[in-house]
Amino acid sequence: MPENEKYIEVGWNEFANYCDSLCKKRNVILRLMFATDERAIDNWFKVYAVFSEQGKDIFHIPFFKLRGANLKYKSITGCIPAAHWYEREIRDMFGLIPEGHPDPRRLVFHDSFPADSHPLRKDWKISENDLKEWGEGVVKKVPYDFMKVEGEGVYEIPVGPVHAGIIEPGHFRFSAVGETIYYLESRLFYTHKGIEKHFESMSFFDGIKLAERVSGTSTFSHSVAYCMAVERMAGINITEKVKAIRTLLLELERIYNHIGDIGNICAGTGLTVGNTMGAVIKERLMQLNERLTGSRYLRGVNMIGGVTKDIFLQADDISTTIDAVAKEYKKFMKLLLGTVSHVERLEDTGKLSKEVAILLGVTGITARASGINDDIRRAHPHLIYNNVFEFVHYTRQEGDAFARMMARAEEAKCSMVMIKAIIEGRYTGDLHVEAKEIPPYSHALGYTETPRGSVFYWVKSDRDGKPLRVKLRSPSYCNWPSVPFAVHGNIVPDFPLCNKSFNLSYSGCDM
């Protein structure tokens with residue numbers, strides 16, 4: 001078991017108090033909460049919560065067991081609001097009920113899905129009754145109970161789930177007074193793909209391909225976190241050279257995403273030339289990705305125990321491209337910051353307070369733009385983030401769309417400096433170390449900082465060393481619930497701009 005993972009078993013009736021006490025005694029963040037079906041091992045369901053201690057590379061992981069007719073436990077959402085989606089997801093997937101949860105509605109499965117069907121149970125199979133209920137569910141079931149806002153002058157504006165643009169489905173229901181948004185309720189999970197269930201039918205070595213396809217623009221980040229979890233399970237120590245290659249490609253992924261996102265924000269403010277400049281710089285970086293790895297999205301590079309390509313053989317190409325991008329990027333940001341109409345549209349738009357961000361456990365740019373100094377690269381150092389160079393950590397206090405744009409802008413500059421520093425280093429070791437067999441009943445966390453924020457994988461093997469459970473949590477899963485708080489008090493036409501400044505993934509949220 002990795003040294004920085006501290007597991008402690010508590011009673012199912014003590015779990016809520018234990019988690020509440022842990023949060024009060026220590027400076028911790030809830031990173032992940034999930035369930036497992038381990039009845040084949042010891043006849044128990046188990047529920048885990050992963051807390052990350054700030055200032056220390058330690059994960060506190062309390063868990064409890066349930067079985068038999070008693071599949072209920074006291075919800076922790078009341079004392080730890082960041083748990084609200086996790087507990088609803090556990091109920092959908094496993095049928096474990098968080099008593100006292102303030103919102104008992106379904107989360108992942110919509111109303112047509114069979115009510116008592118829980119796909120992440122090991123003995124689950126779709127039954128004839130399920131199929132019949134599924135087919136008739138849309139007609140027979142009560143429609144989703146959206147919150148009603150009543151009062152003089154209040155009216156509803158439904159948007160989606162089918163949108164005019166080429167984006168994935170999500171439903172947004174605005175309660176507005178005039179043009180001002182009084183309340184927003186969003187509903188996602190229209191395209192659930194069953195990714196965590198798919199992992200159970202694959203080997204750990206083939207699972208990399210699936211991890212790479214959770215969220216296209218964070219392909220490399222997901223594969224790094226997944227490989228890290230499996231390597232820690234198996235006691236595989238990757239070489240310094242592999243660590244350096246992974247770090248460099250993570251930063252390349254960060255740059256092209258940040259610059260592309262800043263360009264997309266320009267589309268929201270009507271600054272077409274800025275949108276175009278961002279797209280051109282992003283394209284230059286994605287072409288570099290393809291030259292280095294054969295994939296614009298950096299797929300096919302990671303493998304358990306190492307990488308498939310030595311990108312340091314193309315160090316000159318990397319250096320030349322980054323130098324050219326740095327010059328173009330400087331002109332790009334000068335244009336944006338010198339365009340008053342652009343800046344004014346962003347300032348005070350979509351403000352997310354630090355207090356709300358902390359309660360909801362937001363991550364990445366969203367957190368740092370609201371004054372939360374949190375970055376997995378620093379909070380839990382991995383690869384060569386801690387021992388090769390220091391990197392500046394940027395936070396903003398405003399919490400608005402402008403702060404989110406500037407946090408991206410500063411991080412993109414920082415990533416360019418980091419890449420230049422990495423390619424000037426010298427690293428030893430092979431590109432791959434032999435991957436041992438995965439020990440039975442082993443488990444571990446894997447994590448890294450994607451362009452959107454932290455991503456986590458928790459994996460556990462069965463008695464044959466095959467996947468028993470692969471739980472993943474993307475940054476968008478943490479950040480989507482914060483959007484309604486940010487848009488409150490804004491005008492409806494500014495919602496697309498607010499949304500672009502968060503840059504959240506539908507697919508990366510709906511696994």
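Me: How many bridges join strand E7 to E8, and in which sense do the two strands run?

Reply: First, a word on the model. It is a predicted model, where local features need pLDDT of at least 70, side-chain atom pairs count only at pLDDT 80 or more, and totals for chains, interfaces and linings use all residues. Residues are numbered from 1 along each chain as its sequence is written, and side-chain values use heavy atoms, with hydrogens and water left out.
Now the strands. Strands (E, at least two residues) and helices (H or I, at least four) are DSSP runs, numbered from the N terminus. Two strands pair if DSSP finds at least two bridges between them. Here, six bridges join strand E7 (residues 154-159) to E8, and they run antiparallel. Tyr155 stands opposite Ala176 in E8.

Me: With which strand does E8 pair over seven bridges?

Reply: With strand E9 (residues 180-187), in the antiparallel sense. Ala176 stands opposite Ile181 in E9. E8 and E9 form a hairpin with two residues between them. In that turn, Gly178 has a positive phi of about 65°.

Me: Is strand E8 mostly covered or mostly open?

Reply: Start with the cut-offs. Buried means under 20% relative accessible area, exposed means over 50%, and partly exposed lies in between (1.4 Å probe, protein chains only). Strand E8 (residues 171-177) is mostly covered, as six of its seven residues are buried.

Me: Why is strand E14 described as largely enclosed?

Reply: Count its buried residues. Seven of the seven residues of strand E14 (residues 467-473) are buried, so the rest of the structure largely encloses it. Strand E13 (residues 454-461) pairs with E14 in the antiparallel sense, over six bridges. Tyr457 stands opposite Leu472 in E14.

Me: Which residue in the hairpin of E13 and E14 takes a positive phi?

Reply: Gly465, near 75°, in a hairpin with five residues between the strands. Gly465 is buried, with a relative accessible area of 11%. Now look for its contacts (heavy atoms within 4.5 Å). Leaving aside neighbours within four places in sequence, Gly465 is in contact with Phe204, Ile438, Pro439 and Pro440. The C-alpha atoms of Gly465 and Ser442 are separated by 8.0 Å, though the two are 23 residues apart along the chain.

Me: How do I read a pair of aromatic rings?

Reply: Such a pair is described by the distance of the centres and the angle of the planes. Rings of Phe, Tyr and Trp (its six-membered ring) pair if their centres lie within 6.5 Å; planes under 30 degrees apart count as stacked, over 60 as edge-to-face and the rest as tilted. The structure holds 23 aromatic pairs. Tyr48 and Phe63 form a stacked one, 5.1 Å centre to centre with 25° between the planes. This pair links distant parts of the chain: Tyr48 is in strand E3 (residues 44-53) and Phe63 in strand E4 (residues 58-66), 15 residues apart. Tyr48 is buried at 3% relative accessible area, and Phe63 is buried at 12%.

Me: Is the pair of Tyr86 and Tyr477 stacked or tilted?

Reply: Tilted, at 5.3 Å centre to centre and 35° between the planes. Tyr86 sits in helix H3 (residues 84-94) and Tyr477 in helix H16 (residues 475-479), 391 residues apart. Tyr86 is buried at 3% relative accessible area, and Tyr477 at 4%.

Me: How many residues of H3 are buried?

Reply: 10 of the 11, so H3 is largely enclosed by the rest of the structure. Among them are His84, Trp85, Tyr86 and Glu87. Just after H3, Gly95 takes a positive phi of about 75°.

Me: What makes a nonpolar core, and which residues touch the most other members of the largest one?

Reply: In soluble globular proteins, nonpolar side chains tend to be buried together. A nonpolar core is a set of buried Ala, Val, Leu, Ile, Met, Phe, Trp, Tyr and Cys residues joined through side-chain atoms within 4.5 Å. The largest one has 69 residues, of which Met33, Leu96, Leu445 and Trp480 touch the most other members. This core draws at least three residues from each of domain 1 (5-136) and domain 2 (195-506), with bounds that come from an automatic or database domain assignment. Apart from it lies another core, of 54 residues, including Leu288 and Tyr329.
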